[in-house]
Amino acid sequence: METFKIILLVFLILCAISVSLIKNYLISVIVFMSYSLVMSVIWFLLESPDLAITEAAVGAGVSSILFFVTLRKIQALHDAEGEEKDEQSQG
């Protein structure tokens with residue numbers, strides 16, 4: 001069980017670092033969602049189920065939906081899809 005906790009903590013640190021380094025907004029939001037889900041598992045392992053449920057609902061759920069809506073509003077998702085289509089047509 002200790003190795004599982006260590007693996008989760010390492011993954012948590014990697015997610016936190018990679019969110020700040022990733023240039024693609026969509027991938028960054030997805031990594032943020034995984035960060036929140038791992039954090040909720042850690043809260044559950046620390047025997048705090050109320051915090052685990054809150055982290056899963058707010059961190060991975062509501063915040064991620066708001067990020068996706070924001071990316072759609074600023075047309076960052078549309079721009080990323082257009083760039084991928086351009087790269088595929090050129091290659």
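Phe-32 counts as partly exposed, at 25% relative accessibility. That value lies between the 20% limit for buried residues and the 50% limit for exposed ones. The model described here is predicted.

Phe-32 belongs to an aromatic pair. The structure holds one such pair. The ring centres of Phe-32 and Phe-67 are 5.5 Å apart and the ring planes stand at 90 degrees, so the pair is edge-to-face. Phe-32 lies in helix H2 and Phe-67 in helix H3, so the pair ties together parts that are 35 residues apart in sequence. Phe-67 is also partly exposed. The relative accessible area of Phe-67 is 40%.

The overall fold is helical. The protein has four helices and zero strands. Along the sequence the pattern reads α-α-α-α. Of the 91 residues in the protein, 22% are buried. The protein exposes about 6,700 Å². Carbon and sulfur atoms supply 68% of that area. Among contacts between residues at least 6 apart in sequence, 55% join residues at least 24 apart.

At the start of H2, a side-chain oxygen of Asn-24 comes to within 3.2 Å of the backbone nitrogen of Leu-26. The buried residues of H2 are Ser-28, Val-29, Val-31, Ser-36, Val-38, Met-39, Ser-40 and Ile-42. These buried residues pack against H1 and helix H3 (49–73).

Ser-34 is partly exposed, with a relative accessible area of 22%. The limit for buried residues is under 20%, so Ser-34 does not count as buried. The side chain of Ser-34 reaches the backbone oxygen of Val-31 at 2.6 Å. Leaving aside neighbours within four places in sequence, Ser-34 is in contact with Phe-11 and Cys-15. Ser-34 and Ala-60 are 26 residues apart in sequence. In space, their C-alpha atoms are 7.3 Å apart.

The chain beyond H2 was examined next. Glu-47 sits in the loop between H2 and H3. Just after H2, Glu-47 takes a positive phi of about 60 degrees. Glu-47 has this positive phi although it is not a glycine. At 70% relative accessibility, Glu-47 counts as exposed. Phe-32, by contrast, is partly exposed.

Notes: Residues numbered from 1 in each chain as written. Predicted model: local features only at pLDDT ≥ 70, side-chain atom pairs only at ≥ 80, totals over all residues. Heavy atoms only, no water. Buried < 20%, exposed > 50% of the residue type's maximum accessible area, 1.4 Å probe, protein only. Helix = DSSP H or I, 4+ residues; strand = E, 2+ residues; numbered from the N terminus. Contact = heavy atoms within 4.5 Å. Polar contact = N/O pair within 3.5 Å; in protein donor to acceptor, adjacent residues only side chain to side chain. Areas by Shrake-Rupley, 256 points an atom, 1.4 Å probe, with all protein chains shown as cover. Phe/Tyr/Trp six-rings, centres within 6.5 Å; stacked < 30°, edge-to-face > 60°.
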